[in-house]
Amino acid sequence: DLPYRPCVGVMLINADGLIFAGQRKDSEVAAWQMPQGGIDAGEKPRQAALRELWEETGITADLAQFVAKSPGWVTYDLPPDLVGKVWGGRYRGQKQRWFLFRFQGVDDQINIATAHPEFSEWRWISADQMLHDIVPFKRAVYDQVITAFRPYLA
């Protein structure tokens, strides 16, 4: 009966149409993902997407050209062993709005050593590799996002 946590996701692509992927710092196994996070009170989803991008990658809004947004919200449920352990036990999963941005900078401008780092390393990867590397419970969401943004990808 728990609600979904309102959230945004960011697919950041480079000039070659490859996707930014970060290895989660809090995972001891391969857990690559795109930047994402909650929407603060009073914040619009696109504002939240740019804030999350900056908080997780150090990329400022002037280096992220808006390309598209997902046609609607997508949801995922946490695995049963995580419900009650993350987000204070208040949510069963996330309801996400996804945004596609094209990176307008150079790789040296990406800095994952932020105030509250989420990633231990990062790389540019293909859509197929992103689908392979995402944790299984988020794969259906990533498939929907990649399908929506496929025309812009390598």
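The model is predicted, so local features need pLDDT of at least 70, side-chain atom pairs count only at pLDDT 80 or more, and totals for chains, interfaces and linings use all residues. Residues are numbered from 1 along each chain as its sequence is written, and side-chain values use heavy atoms, with hydrogens and water left out.

**Overall fold**

The protein has 3 helices and 8 strands; these are DSSP runs numbered from the N terminus, with helices being H or I of at least four residues and strands E of at least two. Along the sequence their order is β-β-β-β-α-β-β-β-β-α-α. The C-alpha trace spans about 45 × 35 × 35 Å along its principal axes. For 154 residues a compact globule would have a radius of gyration near 15 Å, and the protein agrees with 15 Å; the radius is taken over C-alpha atoms, and the globule rule is 2.2 Å times the number of residues to the power 0.38.

Contact means heavy atoms within 4.5 Å. Among contacts between residues at least 6 apart in sequence, 72% join residues at least 24 apart.

**Burial**

Of the 154 residues, 45% count as buried. Buried means under 20% relative accessible area, exposed over 50%, and partly exposed in between (1.4 Å probe, protein chains only).

Helix α3 covers residues 139-149, and its buried residues are V141, Y142, V145, I146 and F149. Seen down the axis of α3, these buried residues fall within an arc of 130°, so they line one face of the helix; the arc is that of the directions from the helix axis to the C-beta atoms. An α-helix has 3.6 residues a turn, so residues three or four places apart point the same way. On the face of α3 turned away from the buried side are the exposed residues A140 and T147.

**Two residues compared**

Leaving aside neighbours within four places in sequence, Q33 is in contact with F20, A21, G22, R24, F119, M130, I134, K138 and Y142. Of these, Y142 is also one of the buried residues of α3.
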